[in-house]
Amino acid sequence: MPILTKAEAKALLTKVLSYSKAEQCEVNLNCSDSGNLRYARNAVSTSGGISANSLVVSSAFGKKLGTATINEFDDASLEKVVRRAEELAQLAPENPEFMPFLGPQEYGPDSPTFSPATAAVTPKDRADAVQASLKQAMDNKLNAAGFLSNSVGCAALMNSKGLFAYNTSTDVAFNITVRTDDGKGSGYATRGYNDFSKLNAKADTAIAAKKAMSSVTAKAIEPGKYTVILEPTAVAVMLENLFFSLDARQADEGRSFMSKTGGKTKLGEQLVDERVNIYSDPWNPELPTSTWSGDGRPQEKINWIEKGVVKNLYSSRYWAQKTGIKAIPTPGGAIMQGGTKTLEELIKGTEKGILVTRLWYIRTVDPQTLLLTGLTRDGTFYIENGEIKFPVKNFRFNESPVIMLNNLDEIGIAERTVSAESEANYLLPPLRIRDFTFTSLSDAV
Amino acid sequence: MKRRNFIYLTGVGAAAAMLPAIPVFGKEISPEQALEYIDPAAKKIMSDVALNAARSKGATYTDVRVGRYLNQYVVTREDKVENIVNTESYGIGIRVISNGSWGFAATDKLDKDSIAKAAELAVTIAKENARLLREPVMLAPQKGYGEVSWKAPIEKNTFEVPVKEKVDLLLAVNDAAMKGGADYINSVLFAVNEQKYFASTDGSYIDQDIHRIWPTFYITKIDKVSGKFETRNALSAPTGKGYEYLNARPEDKIQTASGTLYKGRYDMLEDATQAARQVGEKMKAKSVEPGKYDLVLDPSHLWLTIHESCGHPTELDRVLGYEANYAGTSFLTLDKWESKKFNYGSKEVNITADKTEVGSLGAVGYDDEGVKCGKWDVIKDGILVNYQAIRDQAHIVGLNASQGCCYADNWSSVQFQRMANISLQPGKAKLSIADQIKNVEKGIYIVGDGSFSIDQQRYNFQFGGQLYYEIKAGKIVGMLKDVAYQANTQEFWNSCVAICDQSDYRLGGSFFDGKGQPGQVSAVSHGSATARFNKVNVINTARKI
């Protein structure tokens with residue numbers, strides 16, 4: 001099924017709702033066409049194309065809810081999926097946490113999540129981009145492994161209370177690891193856009209290649225507490241663990257780093273350095289995201305941390321009603337307000353420190369303190385008197401993003417980046433951090 | 001299956017998205033549909049359509065996977081059923097070689113036209129990508145097996161068990177935990193049935209029926225005064241068994257000073273009861289003094305260390321660089337294997353790859369490129385002797401046949417190299433857990449898996465666990481907390497000095513081993529007996545924010 005226009009989606013969902021006999025009915029439509037090309041050892045390895053569409057029907061009688069899904073769109077199938085959702089709802093036990101579906105919502109202007117250039121990408125376009133990347137690597141006698149993917153999708157939501165929401169989106173993701181032939185140097189670059197025409201695989205490969213060539217003959221230095229400069233990709237994997245933990249129910253129940261004794265939370269308290277401002281904004285031109293969440297709630301510009309103070313937590317509608325807080329959905333992206341200095345200027349202003357270009361295999365060690373462990377990877381460098389002096393061997397770290405943001409030294413210019421762990425896109429600055437805790441050395445390149 | 005039993009409990013909490021840690025694939029279906037099995041004759045017809053269409057467009061090799069993937073999730077918390085979902089994903093994936101290059105396409109439309117179009121698309125992609133090749137794909141020869149089948153040797157199909165029975169079990173587990181002092185508990189029963197049909201131009205038509213089950217829970221206890229909390233996960237292992245896994249007999253239990261451990265089958269109710277008690281003990285435990293300790297590692301913990309530090313670095317695709325951009329490469333480079341004397345571990349360390357171990361998550365008759373599965377040595381008396389390979393890599397390590405390590409997590413995913421069941425073989429001399437502990441002067445006995453992280457070449461790792469017991473002068477003297485150990489893989493395995501005997505051999509494993517781009521998951525088991533590692537670096541993970 002091709003990507004549906006707003007009018008087509010509206011007509012389809014109206015038809016589905018017309019079959020409903022439930023007290024309430026809600027229909028979610030998702031459609032996606034995607035393609036990818038993977039390469040390694042300077043040659044293509046795997047490549048494919050996937051088309052996937054689904055319709056989810058939720059029917060409710062009182063607090064009894066039934067849900068059914070289908071990926072066939074003829075009239076008989078559409079009616080069948082509605083009947084099945086109703087049958088399940090009629091016989092289901094009451095759900096004490098069931099919330100009635102939302103009525104019509106105001107979503108504000110459309111967000112620029114769709115790019116015609118990305119929607120038109122072909123297998124040839126992908127192969128052309130990868131060919132440019134491979135040439136860049138091979139011209140420098142380096143070894144490239146990378147991944148390019150693109151997708152176009154639509155999402156729509158309609159319910160019997162008059163709510164209708166629609167969005168189309170496109171995405172392109174590119175990441176590349178370049179290694180020296182002797183295996184002693186490795187560099188990485190990653191980019192994510194809504195617009196394929198912004199992608200410059202050759203330039204990104206050149207960045208990874210430069211890091212690879214610069215990181216050979218890495219020296220071992222003692223683990224310990226160091227001033228570090230984290231490039232935005234490294235910042236992403238640290239901070240997303242904080243973003244993922246800003247859930248109100250978890251905090252209220254005492255099961256989060258945001259919890260305090262007696263069912264209280266740290267909401268409204270100074271948690272990190274006062275220069276830290278973290279927010280989400282569906283209309284940010286660099287990181288546009290959907291203006292509505294999966295259950296139909298509007299996405300707004302939300303300040304999560306303002307001047308170091310936690311201002312909001314996200315929550316289910318049930319928990320928000322129970323506790324009397326605003327029912328803020330989880331955002332589609334996160335943004336940390338940047339400063340005015342480039343990465344190069346941050347390096348220039350560092351007396352002694354370590355430049356970290358990528359972090360890897362991040363796992364929570366302690367949810368109470370958000371202590372994380374992981375390693376540096378693909379280019380780690382020692383800085384002295386404002387200059388990169390030499391590459392250093394990789395470190396394992398044990399550090400909490402909360403502690404890290406309290407040891408904030410300087411903030412650079414924010415840029416769009418991608419988490420190499422979750423593949424989520426963010427708008428984040430490079431950060432200079434004092435006393436970042438490295439606990440051991442790794443021989444890995 | 002009594003439909004009403006299912007219906008009574010279905011529909012509580014609609015969105016499968018409420019399960020953030022559990023990927024949900026496919027459309028929701030009734031439990032009755034989950035008991036259907038597609039006639040292999042119908043799958044053969046579909047396969048032949050794809051094989052013929054690809055051949056007519058210029059493919060020199062084609063394989064076809066008709067997959068029907070069924071999942072069931074039963075999710076509860078405290079006294080509530082949060083969700084019950086049955087899902088089905090059914091479709092066809094077609095992989096070809098044309099102009100020397102791989103191509104792949106998949107569709108869930110199983111009429112002849114759609115299948116033929118997908119086959120043609122796979123050939124088109126292969127031809128488009130051929131210009132990015134350095135050398136043509138070289139496949140190890142593989143004989144065709146004709147029409148054959150394989151079924152997991154389960155005793156009781158989990159999908160046939162009434163959902164009410166499963167819900168009753170989970171709610172009883174939750175009740176036991178809450179009565180035992182837990183403040184919160186989430187419990188989940190997750191069942192998988194893969195009905196896979198493979199056909200290729202080699203002349204194989206292979207029908208397989210694979211089952212897995214994973215009952216698990218997560219308990220939290222909070223100290224209302226200090227605001228501190230501790231957790232304890234279930235000591236169950238995800239396993240390639242049927243519902244019989246939940247019917248533990250006395251011979252399936254190992255009694256230790258720390259509590260009951262499970263061998264082959266699992267008593268979820270008993271484990272939840274002891275977990276509630278143990279999580280309370282964790283809150284009062286002493287924070288560990290960092291330093292060197294002799295570690296005694298239970299199989300419920302050690303499986304993950306084996307997975308990360310032996311399973312992944314011996315995957316040949318990592319050694320060669322195919323995962324360099326994502327999961328990484330490997331320190332076990334070809335020169336180390338060629339030397340025939342690379343000292344991976346002590347002489348106690350014998351590690352095998354096995355795609356046939358009964359009850360393991362990775363057990364199948366044939367892999368996803370039609371290779372009959374087997375067992376082989378990877379580490380022999382501490383020396384690296386072999387890797388894990390698939391058909392297009394075999395020639396690189398001088399093999400004239402694949403080792404059968406190819407797998408795709410869905411019909412819509414392209415198959416590639418995945419880990420076999422990689423296991424540490426038990427010691428030959430009689431040695432019990434009590435004997436292990438008795439011989440340790442200053443050590444920690446670790447039970448259950450916790451946090452885990454390892455570098456991209458598999459040298460440096462850090463692991464936590466569920467339960468940490470301090471050993472002094474051969475005796476457990478109390479519980480510790482804030483424990484994690486760090487080591488270098490080669491040093492760690494060379495510090496292995498004793499492994500319990502076969503009577504203590506148990507399987508652990510993962511449902512969700514992630515790898516590849518786009519990412520795929522695979523399920524794999526790792527066996528071991530309780531093993532001792534001397535003078536390992538232990539850190540204290542307590543922090544203040």
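1. By class, the lining of the second largest cavity is made up of nine nonpolar, two polar and seven charged residues, where Ala, Val, Leu, Ile, Met, Phe, Trp, Tyr, Cys and Pro count as nonpolar, Asp, Glu, Lys and Arg as charged, and the others, Gly among them, as polar. This is a predicted model, in which local features need pLDDT of at least 70 and side-chain atom pairs count only at pLDDT 80 or more, while totals for chains, interfaces and linings use all residues. Residues are numbered from 1 along each chain as its sequence is written, chains are lettered from A and ligands numbered from 1 in the order in which they are written, and side-chain values use heavy atoms, with hydrogens and water left out.

2. The space in this second largest cavity is about 120 Å³, and the count of cavities of 30 Å³ or more comes to six. A cavity here is a set of points on a 1 Å grid over the protein atoms alone where a 1.4 Å probe fits but cannot get out, and lining residues have an atom within 4 Å of a point; the points are joined across faces, edges and corners, and a volume is the space filled by probe spheres set on them.

3. Of the 18 residues lining the second largest cavity, Arg212(B), Lys355(B), Gly362(B), Tyr407(B) and Ala523(B) are the closest to its centre. At least two lining residues come from each of β6 (184–200), β7 (204–222), β16 (406–407) and β25 (520–528) of chain B, with β25(B) giving the largest share, three residues. Strands (E, at least two residues) and helices (H or I, at least four) are DSSP runs, numbered from the N terminus.

4. Lys241(B), in the loop between β8 (229–233) and β9 (253–256) of chain B, touches Ile154(B), His211(B), Arg212(B), Ile213(B), Gly264(B) and Gly359(B), leaving aside residues up to four places away in sequence; contact means heavy atoms within 4.5 Å.

5. A cis peptide bond, with omega about -5 degrees, joins Gln517(B) and Pro518(B), and Pro518(B) lies in the loop between β24 (506–515) and β25 of chain B.

6. Between the chains, 86 residues of chain A are in contact with 76 residues of chain B, and the buried area is about 6,900 Å², of which carbon and sulfur atoms give 52%; this is the accessible area (1.4 Å probe) that two parts lose on being put together, summed over both. In chain A, Arg38(A), Arg41(A) and Arg255(A) lose the most area to chain B, together 11% of what that side buries. Arg41(A) has a phi near 55 degrees, a positive value in a residue other than glycine, and is found in the loop between β1 (24–40) and β2 (43–61) of chain A.

Note on methods: On a 1 Å grid over the protein atoms alone, a cavity is a set of points where a 1.4 Å probe fits but cannot get out, and a pocket is an open set with protein on both sides within 12 Å along at least five of seven lines; lining residues have an atom within 4 Å of a point.
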